[in-house]
Amino acid sequence: MLKDGKNAQAFPEFGPERRGAPVRSYLRIDDQPILLRTPVTAPDTVVVMDATLLERRDTVLGIKPGGLLLVNAPERPPVVVSVPVRMAWVDAMRISASLFGKQIPNTAMLGAWCRVDGIVGQAAIEAAIREWFPAKHAEKNIEAARRAWDAVEVAELEASSASDTAKGSSAFAFLDDYPIIATAFPGEGGAGRTGSWRISDPVVDAQRCVRCGRCVTACPEGVVAMTEDGVTIDLTYCKGCGICAVECPVQAIRSGEVGA
Amino acid sequence: MATRETPFVMPGNSSCAGCGAVLIARLVTEAIGPNQIMVIPACCMGAVATSFPKATFNVPVLRTAFASTASFLTGLEASAKAKGQDVTLVGFAGDGATVDIGLAALSGAIERGHSFVYVCYDNEGYMNTGFQRSGSTPRGAQTSTTPGGVLSRYKTEVRKDIAKIVAAHGIPYLATASPAYPADLRRKVERAVAVKGPAFLHIMSPCPLGWGFPSAQSVQLARTAVESGLWKLYELDHGVLRLSLAPKKRKAVREFFAPQSRFAHLTNDVYEGLQAEVDGEWATIEKEGFSLRCETARA
Ligand SMILES: Cc1ncc(C[n+]2csc(CCOP(=O)(O)OP(=O)(O)O)c2C)c(N)n1
Ligand code: SF4
Ligand code: SF4
Ligand code: SF4
Ligand SMILES: [Mg+2]
């Protein structure tokens, strides 16, 4: 932004600073100096770094009619909005996994946003990446941005019917479902389907497995179970940490390609 | 409430992949069973406990302010007594919440003799807010507030030994544990539940993000800490001190430090010094038996 002669302001909302925790942060861009210091409540653009966040109704809340919704998703995500928006999506996870071997979709998302929003030029983005990253990482990140620039897809999205969106009309509307405020009830998938975090899948070799149960005890998520048929892993939530493979005394678990 | 069919820790929670703390939370809650109330202050596990409107732990949880875990346990005990309810009260708190900001409340609650199990999962820093140093961060570690470089020499201060501080209260039951030794951990949790009065568990909690190592090695690293003689597994049961495990052939301490980016700057000299310290401690243990006087180097 600054490279294109604009004023910019970026800040996160107070909250956990860990991988996996949902984080919300804001960006304002203007030709004039920005004096406002409050969160953005009616954004022109919403960038969603993890498609599972779309299950929270407050994620796209407040977006302006005709605004832009950019989602990190392998395919067109199912989205319910109360106003018509332009939706774009790109598989930034795959781009980052293939380039970095890790899930750091940020620069890919930047490239996609640059293309579909058009506020900032591609040259300015690439110059900023070169300035921010040490030389050995810069080129790969620019490549990530370019691949996303090429791959991003766009569709116009109609407003959904009133009944679908009624509950999304206020950030706290979902509280209607709960009798007491500030009480949460046990449920799986509080952070979404965390299986999407994996960059490799644990694959069990049933022939080799001696049914010692160590993987069941060592899995932090508790998603490994011992059944009559042997060891099974719930891939909906397995985060792919790889502990089970390291702990198996007979190397019956290996890490394989995601979804293979 | 949790049963055999529904897990104590719900999958799909917000802990990082390979988090030692959530593994400890699962092992501890499973060992205690459904009849428990957890008290969790601000810390990673506090954040993991709720992704509103969903909760992660399948037992009642009270989330408290950073300093107040032991105060809440005190109040809950009074309330359970008044209601004639027999329930295990479990404090589950990070090192920052225990050795730093919550220490006064913890000290008071132990001294007054309330009945609870206090678990400190020690990831050696303020991880939830971005890996700042705590009183339990070992000497030499790089954190975001002890970054190293021209003006900072990483963490220069010696870590507080919370287990010894707690032991000085004459607590009925105290133990150290590790997620790499789940059977030992489970036995200690069961003992902590059974004793009357306060019980304290100090559990090493590897943190792939804050310590900088691949998530797959979390449990392995906790095991190496024990096998190298750095993290001692012991218990103090009504004044009787017992070492739970004495590694027969100790691994080099380097094997614990080297995989972690927070120790990437350690030089051979430092390693030699640390190895000599740990060797010295174990020589004393072998000669005089284990006592809480044996210095814990842990970097
Ligand atoms: C009084 C107060 N100060 C600061 C904070 C911000 N804060 C929340 S969690 C946290 C770090 C907790 O560290 P620790 O207890 O070691 O748990 P961890 O996050 O490492 O699991 C801090 C500083 C707070 N919530 N309350
Ligand atoms: S990879 Fe990690 S989360 Fe997945 S099953 Fe293995 S231990 Fe559990
Ligand atoms: S640790 Fe390995 S051998 Fe043991 S049950 Fe799991 S897969 Fe089977
Ligand atoms: S930052 Fe460390 S302790 Fe906190 S959730 Fe992540 S791995 Fe666990
Ligand atoms: Mg901590």
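Does A:Gln251 count as buried or exposed, and what is its relative accessibility? Keep that residue in mind as we walk through this predicted model. A:Gln251 has a relative accessibility of 54%, and exposed means over 50%, so A:Gln251 counts as exposed. You can find A:Gln251 in chain A, in the loop between helix H7 (243–247) and strand S11 (253–256). Its backbone is worth a look too: phi is positive, about 50°, although A:Gln251 is not a glycine.

Now step back and take in chain A as a whole. Its secondary structure comes to seven helices and 11 strands. Of the 260 residues in chain A, 38% are buried. Consider also the contacts in this chain with a separation of 6 or more: residues 24 or more positions apart account for 55% of them.

Helix H3 of chain A covers residues 122–132 and helix H4 of chain A covers residues 135–151; their axes come within 9 Å and cross at roughly 150°. Angles over 145 degrees count as roughly antiparallel, so H3(A) is roughly antiparallel to H4(A). The crossing in which H3(A) passes H4(A) is right-handed. On the H3(A) side, the contact is made by A:Gln122, A:Glu126, A:Ile129 and A:Arg130. On the H4(A) side, you will find A:Ala138, A:Glu139, A:Asn141, A:Ile142, A:Ala145, A:Arg146 and A:Trp149.

The crossing of H1(B) and H7(B) is right-handed. H1(B) brings B:Leu27, B:Val28, B:Glu30, B:Ala31 and B:Ile32 to the contact, while H7(B) brings B:Pro182, B:Leu185, B:Arg186, B:Val189, B:Glu190 and B:Val193. Sorted by kind, the residues of this contact of H1(B) with H7(B) are eight nonpolar, no polar and three charged.

Next, look for the magnesium ion (ligand 5). Which residues coordinate the magnesium ion (ligand 5)? They are B:Asp95 through OD, B:Asn123 through OD1 and B:Gly125 through O, at 2.0 to 2.1 Å. Along the sequence, these donor residues follow the spacing D-x27-N-x1-G. B:Asp95 lies in helix H4 (residues 95–100) of chain B, while B:Gly125 is in the loop between strand S6 (116–122) and helix H6 (162–167) of chain B, so the pair ties together parts that are 30 residues apart in sequence. Both B:Asp95 and B:Gly125 are buried. B:Asn123 is found in the loop between S6 and H6 of chain B. With a relative accessibility of 5%, under the 20% limit, B:Asn123 counts as buried. Leaving aside neighbours within four places in sequence, B:Asn123 is in contact with B:Asp95, B:Ser205, B:Cys207 and B:Trp211.

The loop between S6 and H6 of chain B also holds B:Tyr154. Its phi is near 60°, a positive value in a residue other than glycine. B:Tyr154 has a relative accessibility of 18%, and buried means under 20%, so B:Tyr154 counts as buried.

A cis peptide bond joins B:Phe52 and B:Pro53, with omega at about 5°. B:Pro53 sits in the loop between strand S2 (50–51) and strand S3 (54–55) of chain B.

Our last stop is B:Leu106, in helix H5 (residues 103–112) of chain B. This residue is buried, with a relative accessible area of 1%. Which residues does B:Leu106 touch, not counting those up to four places away in sequence? The answer is B:Ala70, B:Thr98, B:Tyr118, B:Val166 and B:Phe200. Take B:Ala70: it is 36 residues from B:Leu106 along the chain, and the C-alpha atoms of the two are separated by 5.0 Å.

Technical notes. Residues are numbered from 1 along each chain as its sequence is written. Chains are lettered from A and ligands numbered from 1 in the order in which they are written. This is a predicted model: local features need pLDDT of at least 70, side-chain atom pairs count only at pLDDT 80 or more; totals for chains, interfaces and linings use all residues. Side-chain values use heavy atoms; hydrogens and water are left out. Axes are lines fitted to C-alpha atoms, for helices over the stretch in contact, and angles run from 0 to 180 degrees between N-to-C directions. Helices (H or I, at least four residues) and strands (E, at least two) are DSSP runs, numbered from the N terminus. Angles under 35 degrees count as roughly parallel, over 145 as roughly antiparallel, 65 to 115 as roughly perpendicular and the rest as oblique. A crossing is left-handed if the near helix is turned anticlockwise from the far one by less than a right angle, and right-handed if clockwise. Contact means heavy atoms within 4.5 Å. Donors are N, O and S atoms within 2.8 Å of the metal (3.2 Å for Na, K and Ca); water is not among the atoms, so sites may look incomplete. Buried means under 20% relative accessible area, exposed over 50%, partly exposed in between (1.4 Å probe, protein chains only). Ala, Val, Leu, Ile, Met, Phe, Trp, Tyr, Cys and Pro count as nonpolar, Asp, Glu, Lys and Arg as charged, and the others, Gly among them, as polar.
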